[in-house]
Amino acid sequence: DLERGLLSDGRQPTPTWDGALVVLKRIPYFQMEVKTKAKYHLTVGHSTVMATCLFFTAQGEIPGCSSSSQGVSLSKGALTQEQEAKWPSAFDFERVYDFQETLVGEDGMINGEPDPNAGKTFFALLTFEKPVTAPLGSLFIGSKFDFESHSPTCRMAFFGKLLTPIKPAVQDE
């Protein structure tokens with residue numbers, strides 16, 4: 001019995017990710033702070049796993065790309081259509097990046113104060129607790145499912161696109 005799976009043509013293997021460099025955007029309805037080094041439930045394809053997030057922004061302007069240059073991916077549609085022109089198609093390892101304590105939303109406010117990073121493109125290093133299999137460029141959603149399920153609060157914190165698989169370094173805690 002096969003409950004869920006991925007179908008591939010075999011010419012290009014579907015990667016299994018232990019970690020990823022991603023581009024992402026905060027969902028404006030999420031009322032809590034989205035802090036770096038916090039754990040979120042990441043849903044990509046048919047999998048939901050816990051992941052630790054480390055947020056950062058690039059210095060300078062990020063050249064966008066068109067969605068026509070993208071390959072096969074999971075769950076693209078209206079949610080990311082507007083973002084596709086703004087998001088890069090690959091992670092640029094030659095750029096200089098700045099660490100960010102929190103993921104800033106479109107309103108540019110953190111705790112009622114304006115944030116200088118408003119309007120910037122945010123990236124994250126995601127470290128998954130269990131490996132995830134998904135095509136490059138797939139959409140993911142980050143949520144906080146540990147809130148009360150009957151609460152009127154939105155539990156989806158951010159969404160984004162997988163750019164580059166990463167093997168995270170194992171750290172002693």
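Which residue in β3 does T43 stand opposite? In this predicted model, the residue opposite T43 in β3 is T48. T43 also has a residue opposite it in β8, namely I141.

## Strand pairing

Strand β2 takes part in two of the pairings described here. With β3, β2 pairs in the antiparallel sense over 6 bridges. These two strands form a hairpin with 2 residues between them, and in this hairpin G45 takes a positive phi near 60°. With β8, β2 also runs antiparallel, and 4 bridges join the two strands. Besides the T43 and I141 pair, L42 stands opposite G142 of β8.

Strand β8 leads on to β9. The two pair in the antiparallel sense over 5 bridges. Strand β8 covers residues 139-143 and is mostly covered, with 4 of its 5 residues buried.

In soluble globular proteins, nonpolar side chains tend to be buried together. The largest nonpolar core of this model has 26 residues, and those touching the most other members are L24, F128, F140 and F158. At least two residues of this core come from each of β1 (16-26), β2 (39-44), β3 (47-58), β7 (122-133) and β9 (156-166). Strand β7 gives the largest share, with 5 residues.

Another core lies apart from this one; it holds 11 residues, including F56, L139, F159 and L163.

What does L24 touch, leaving out residues up to four places away in sequence? Its contacts are F55, W87, L103, F122, F123, A124, F140, F158, F159 and G160. Among them, F140 and F158 are, like L24, residues that touch the most other members of the largest core.

## Confidence in the model

The protein chain has a mean pLDDT of 80, and 78% of its residues reach 70 or more. Confidence is highest in β2, at a mean of 94, and lowest in strand β5 (residues 109-110), at 63.

Over residues 65-75, pLDDT stays under 50. The model has 26 contacts beyond four places in sequence for these residues. Where pLDDT is low, the predicted coordinates should not be read in detail.

Notes
Residues are numbered from 1 along each chain as its sequence is written. Side-chain values use heavy atoms; hydrogens and water are left out. A nonpolar core is a set of buried Ala, Val, Leu, Ile, Met, Phe, Trp, Tyr and Cys residues joined through side-chain atoms within 4.5 Å. Buried means under 20% relative accessible area, exposed over 50%, partly exposed in between (1.4 Å probe, protein chains only). Contact means heavy atoms within 4.5 Å. pLDDT is the predictor's confidence in each residue, from 0 to 100. Two strands pair if DSSP finds at least two bridges between them.
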